[in-house]
Amino acid sequence: MSEVELIPMLSQEEVAEIEAEISHLPDRESAAIDALMIVQKHRGWVSDESLSAIANLLGMSSAELDGVATFYNLIYRQPVGRHVISMCDSVSCYVMGADGLAKDLETKLGIRFGETTADDRFTLLPIVCLGACDKAPTMQIDEDLIENVSVEKLDEIFEKYT
Amino acid sequence: MSLLETKPLTGRVEEVGGPVFLEDYEAGGGYVAAKKAVTQMTPSEVIDEVKDSNLRGRGGAGFPTGTKWGFVPPGPSPDGGVKYLVCNGDEMEPGTFKDRWLISNNPHSLIEGMVIGAYAIGATKAYVFLRGEYFEPKSKLAKAIDEAKAAGYLGEGVFGSDFDLDFRIHSSGGRYICGEETALLNALEGKRAQPRNKPPFPPASGAWGRPTIVNNVETYCNVPSIIQNGADWFRDLGLTEDAGTKIYGVSGRVNNPGLWELPIGTTIREIIDEYAGGMQDGFRLRGLLPGGASTDFLVEEHFDLAMDYGTIQAAGSRMGTGTMILMDDSICPVDMSRNLQHFFAQESCGFCTPCREGLPWVESLLLDIEEGRGQPGDLEILDQNAQYIGAPGNTFCLHATGAIEPLQSALKYFRDDFERHIVEGRCPYRTNGNA
Amino acid sequence: MATFTVDGKQYEVEAGTNLLQAILSQSLDLPYFCWHPAMGSVGACRQCAVIQYQDAEDERGRLTMACMTDVQDGMIVSVEAAHAKDFRASVIEWLMENHPHDCPVCEEGGECHLQDMTVMTGHSVRRYRDKKRTWENQDLGPFIGHEMNRCITCYRCVRFYQDYAGGKDLGAFGSRSRMFFGRVEDGVLESEFAGNLVEVCPTGVFTDKPFSQHYTRKWDLQSAASVCPGCSVGCNTFASERYGVLKRLHNRYHNDLNKYFICDRGRFGSHFVNSQQRVRHAAVKANDGVFEYGDVNAALDRAVEILKHEDVVGIGSPRASMEANYALRQLVGEENFCRGLSDSERIVTDQACSILMKGGFKVPTVTEVEAADVVVVIGEDISNTAPRIALAIRQATRNVSFEMAESANIPLWQDAGVRGHAQHQRNALYVATSNSTRLDDIAEATVNALSDGITQIASQIAGQISGESHENTFVTSVAEALLAAERPLLVTGTSLRDPNVLNATAAIAWALRAKEKEPAMLIAGSEVNTFNTVVTCEGLTLNSALTRIADGASAVILENDLYRRAQSDSVDRALEGDGEVVALDVVESETLVKANVVLPAASYAEQTGTFVNYETRAQRFYQVFQPQDDIQPAWRWLSKIASRLGRTDASWTTVDEVSRSALAALPGIDASLEELAPTKDFRIEGEHRVARQTHRYSGRTAMNADVSVHEPKAPVDDETPYSYSMEGQNPGDQSGSVIPYSWTPGWNSNQSIFKFQAEVSGDLLGQSGGKRLFAVPSEPDAEVDKEFDFSVTQPTRPAADGLVPFPIHDVFGSDELSAQSWPVAQRAKGPYVLIHPDDAAVLSASAGSGVRSDALVGSFEVVIDDCVQSGSVGIAVGLNGRVEIPDRTIALVVDPDFEPRQLGDARVIAKS
Ligand SMILES: Cc1cc2nc3c(=O)[nH]c(=O)nc-3n(C[C@H](O)[C@H](O)[C@H](O)COP(=O)(O)O)c2cc1C
Ligand code: SF4
Ligand code: FES
């Protein structure tokens, strides 16, 4: 039975990228994570509307797809700021003082972990070990890995992200 | 011996002085092994060579690689279906940073190792399952894949043979459990990354229900040199019973944290003192996790042990990923345990009860103890949880088992610290309540 | 076979049996949560831990999850070992960290599997100090309550809803210790099997919402074994009452039929028993046309007077019991008895019966449906007309996954492994229907046509099997699949009212048989007792009965709203003519108000009787509670009338007597009542009645204290093996088919059913399980095909403008009785039509807008369905109180005043 199409269409570009992933997979649902990541790349996050549009495209139900989406750390089901700061809270960084740094970061940005600054510039999230433990403490801003972070360096680090 | 013969994984990077791409890689003898395997050896000869080399998986569990490959039904599948070869490049184990380095600096060695592996098991599709956060490694690997494709080392008719290999990267949606090989397969299929029961084991029924091999990045990177130089050479590289070199790493308050490719079996003390430059001034080493966050603490009495699978296991821990995390004397073992358990509780997939419900309880007890709210009896609750959560088989997968390893050893080696917290109602490591 | 030892005692089971299942099959207690007998093991909860020893010397053993192990010969395990017990107590302690301590106010309390397991493991002291996690609940519609805080993350709900029942809108979200089970957003759970969540969930997350509204503890319910009146499958149920209200239905295990699951029409449709529209008092219509209520004697006198007329017609009913139909037939005589089917339904049902009787095909049980390896559904939207069959077909398509698992050495109970290995491989299911169906998602191929098109396709399939060659790929692939099948199954039904569809389907079966295949043939009937009214006799057609009444004959109309059986004008003519009418029914209807005498008939829950299902299995349902006011079983009203008429041949005093007479009157069938089910004389251990009330039934003495402080004497039950009290035996192991509810010490929830099974998922102990009235011949009679004609007559359809109407059936609302149940009324759509997008465009009607037609009663919501043939219109029957579909094309026009029915708009559907 055809449902009323209430969902906004995905952009052609998004659809093309998703279809490209599907083309080398045994079935459409297998592209679920890729599709979510593709849409997030274009829109910053995955809204309920995007989710159902993707589900439609993949021939899955929204419930099945949201089950996948809510499992993964890197898929945002809530809007985020222009830049996402992911601060490592795992053990090597911890040993190198990451807990103190995390507090400094919160003070500096005036937000807590999980929040977005009022100007929408930064969302601050914890992340697990970034695999650069010899350069602890570490963080990642968008796609950039930043090593040997210290309070003193924060201003300089943030400059690039407007 | 040339650098390439003593340091098959990193030698070429050292020679080139940076990331190695196709031209440099081939100049150092790259793809000779893959070509040899594909054009001159039978799949079973390749598997036998890898078996003979005694290569053990570098992803943490140390399972013999050749043996694993041998579990895949040989030859084309009777139903004509595909087989898969998968590289586990998820590397989310805290304190582990070797695979990022290998992919970024020596991507062709991974590709070459996987070409050989795929040929050996008859896989026509290969995936590198890569951490979603690994943007830089991804772009380097993608570049290398393009180069290899252009050179005819991937795709249709590898090295002009009739062996085809479709080679792709899957970027993870991000969860530690994706590193567990069966959870990884679910993630690859676009599903929630809950682990699967074994049996069926992946070599019998893995990705999309097809025979599948999953190996770690470093494991594959070892394969080309084994084919090129032979199993005997590889076995001789190791200082102890184990074969080959190992990428060891050190993080924590040392003068020179980093990674080094050393013969397997190098002692802990040598790695820390000679390579990592010893402890920073004012810090004393109290204990270490030898191979990532999910291994048991080792303490002073163990520091002269050889870092190989058997020795570290005999000492009550695991070599794991071979990247050590050092706990110096400024660190509160209770708080460090809390940090570790926070990680494991967070990263539990939520499937089985002991892990899903037990780890948050453990974390909350550790927080209570750390913050001075510990009560008599709490350590017994921790012991009991550790025992019941941690025994292999009690949980569905080994995530929880790994989680408990650092906890149970901390409770053993640093019990005084735990008790003092409870008796004094505060953390003795904190001055004015601050770390 | 394998011998294995549990705590020093040896047992024998089939080697490879799941260990948990094997232990439970010995009736031993071992706690579990995530395992389910119908869904296998996933190993999530870790509750079923036992110690497994390597050999007799091994003293330590190894902790292992029983549900993830299979029994090997010589295996030694311990359930009682201290380490296993401690671990199991730990698992409960973990699960209880976040579980609210709300048992006293929780609906699940007293029948909660979590509560049972907690007590069983001995966990009692809370050591966890942190805050509990909390959730916001969702509104899941009129059937299912949601209380997520109680969740213990066993994954059973999603495994049932998605994996087993194919539902799409309930999922598992999140991870770690924050797992949420529900919908993406608030809204009605779409699956017609959602109600099973109530029983599948081991705690109180998913609850029976209608039951919660006037909640009663399980131990305060008075219950009996019953049979669902919802459709022709006849699923077995536990029906439970308190304060004269039928409170709820639960699944009652039947190994050949419903096993562990029933559909929501059955579960929630039962509330018609408590409907506002119940007829409660006898009434006589005075000369001024106004009913005078409450004088039973006057009503009987008047009925007798009416029946003294020289011409008397009796109209029976496919929803009334065998006993009521038989009593009426006996009263009026076979030549004056009409079975109460509409004429089109009668033709198609007769055809179904002759195929079943003469064709000699194997008629599959539901369990046999599950075993089929190729299924072809022809002309029946089975998810709407016999939902339990659709659920079984869904399981049938998984058989290949078990074969694949077997060859990959994956144990068949290892659910995730079996599914993961098979991926999308399914057994072939083909569906040929007039509209989209809820099986289409798992079908290999579907084809949509009107009934003559479907007939043609089916005939071509038969031809293809016999060696003709057709171009249609649907035809060729179905033929090929059937020829390759080992257990082919053809499923059809009477809902399109076209005997040709059945004939053509039978022709396929016949063609297969000629190729040495033994196909199973399932024909879904229209109502719970359709096949019974057929075996009883030929009788009058409805239209001839109506004509006689219009011409002045007196009539007795039994539990039948004739407006749902014939065109309104002919019913009007009959009921508004000179003939006088005595009508008996359970709920009010348009027919009833036109009768001269109304006699309130007992619902199935208020009487004992027999229904005959699609397999012609006669099954006994027992009185749950005594009817109130003037209500009496229809057969008893008819007996009283008969005895006042001096007709001893048509009057009986106990139901068993009527049943015996009815069975004896079955032509060529030899069935004793004892073979159907225990009779009124059955006693446990030769002496005890079965107690309808539990040992803990409370407040009996206070229940009616507002009326009288004297405790009334418990009613005496002369008709069944039950007692109306807690006296007597509680369910015992000899009384499988009469256990009134599932309970055994320590197992208060329905999970206790295994204690009444010979083995897990085996027959109920002592079950008779009903008896099939047509024996399926073991050898097909070669003579039969000669005398039996499967030929198809091409219909002549008048070429005319307009749309060709065809009936569609909705699981919620099309069925007369369940539509009177308030939860179903809330869940049901309003009257609607299915049309093709092109026709919608021509009409300028969009989905959700309204249309009407001169040929139909009322307005209809437009639902667009790509699968409907353009030029035709599917009309949802029953939702406007009408069932018969015009036999000519109809014109639709947009109704600008139409307002679609909103969910929760509980207006009673049958009232227009
Ligand atoms: C919780 C968990 C996380 C794991 N994470 C990783 C990982 O990130 N990378 C990896 O190579 N192996 C990881 N493993 C080990 C894999 O399951 C698997 O053993 C390994 O990929 C096999 O490769 P190998 O034989 O080459 O070591 C993990 C195991 C567990 C239980
Ligand atoms: S131990 Fe259980 S909950 Fe934990 S990660 Fe493994 S399967 Fe998931
Ligand atoms: S019943 Fe065995 S793990 Fe849940």
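Colleague: How many Å separate the centres of domain 1 and domain 2 of chain A, taken over C-alpha atoms?
Modeller: This is a predicted model, in which local features need pLDDT of at least 70, side-chain atom pairs count only at pLDDT 80 or more, and totals for chains, interfaces and linings use all residues. Chain A is divided into domain 1 (3-69) and domain 2 (83-158), with bounds from an automatic or database domain assignment. Between the two centres, over C-alpha atoms, lie 30 Å.

Colleague: In what order do the four strands of the open sheet in chain B stand?
Modeller: Residues are numbered from 1 along each chain as its sequence is written, chains are lettered from A and ligands numbered from 1 in the order in which they are written, and side-chain values use heavy atoms, with hydrogens and water left out. Helices (H or I, at least four residues) and strands (E, at least two) are DSSP runs numbered from the N terminus, and two strands pair if DSSP finds at least two bridges between them. The pairing in this sheet is parallel, and the order is 3-2-1-4.

Colleague: Which strands of chain B stand at the edges of that sheet?
Modeller: Look for strands with a single partner, so that one side of each is left without a neighbour in the sheet. In chain B these are strand 3 (166-171) and strand 4 (212-216).

Colleague: What angle does helix 9 of chain B make with strand 3 of chain B?
Modeller: Helix 9 (residues 135-150) packs on the sheet and touches strand 2 and strand 3 of chain B, where contact means heavy atoms within 4.5 Å. Axes are lines fitted to C-alpha atoms, for helices over the stretch in contact, and angles run from 0 to 180 degrees between N-to-C directions. Helix 11 (residues 217-229) of chain B, lying across strand 1 and strand 4, runs at about 95 degrees to strand 4. For helix 9 and strand 3 of chain B, the angle is about 170 degrees.

Colleague: Over to chain C: which residue in strand 11 stands opposite Ser226(C)?
Modeller: Three strands of chain C form an open antiparallel sheet in the order 10-11-12, with strand 10 (222-227) and strand 12 (245-251) at its edges. Six bridges join strand 10 to strand 11 (residues 236-242). Across from Ser226(C) you will find Thr237(C).

Colleague: What radius of gyration does chain C have?
Modeller: The radius is taken over C-alpha atoms, and the globule rule is 2.2 Å times the number of residues to the power 0.38. With 912 residues, that rule puts a compact globule near 29 Å, and chain C agrees at 28 Å.

Colleague: Is Gln632(C) buried or exposed?
Modeller: Gln632(C) sits in the loop between strand 26 (617-621) and helix 23 (634-644) of chain C. Beyond its neighbours within four places in sequence, its contacts include Pro600(C), Trp637(C) and Lys640(C). Buried means under 20% relative accessible area, exposed over 50%, and partly exposed in between (1.4 Å probe, protein chains only). Because its relative accessibility is 15%, Gln632(C) counts as buried.

Colleague: And what percentage of the residues of chain C count as buried?
Modeller: Chain C has 28 helices and 35 strands. Among its 912 residues, the buried share is 66%.
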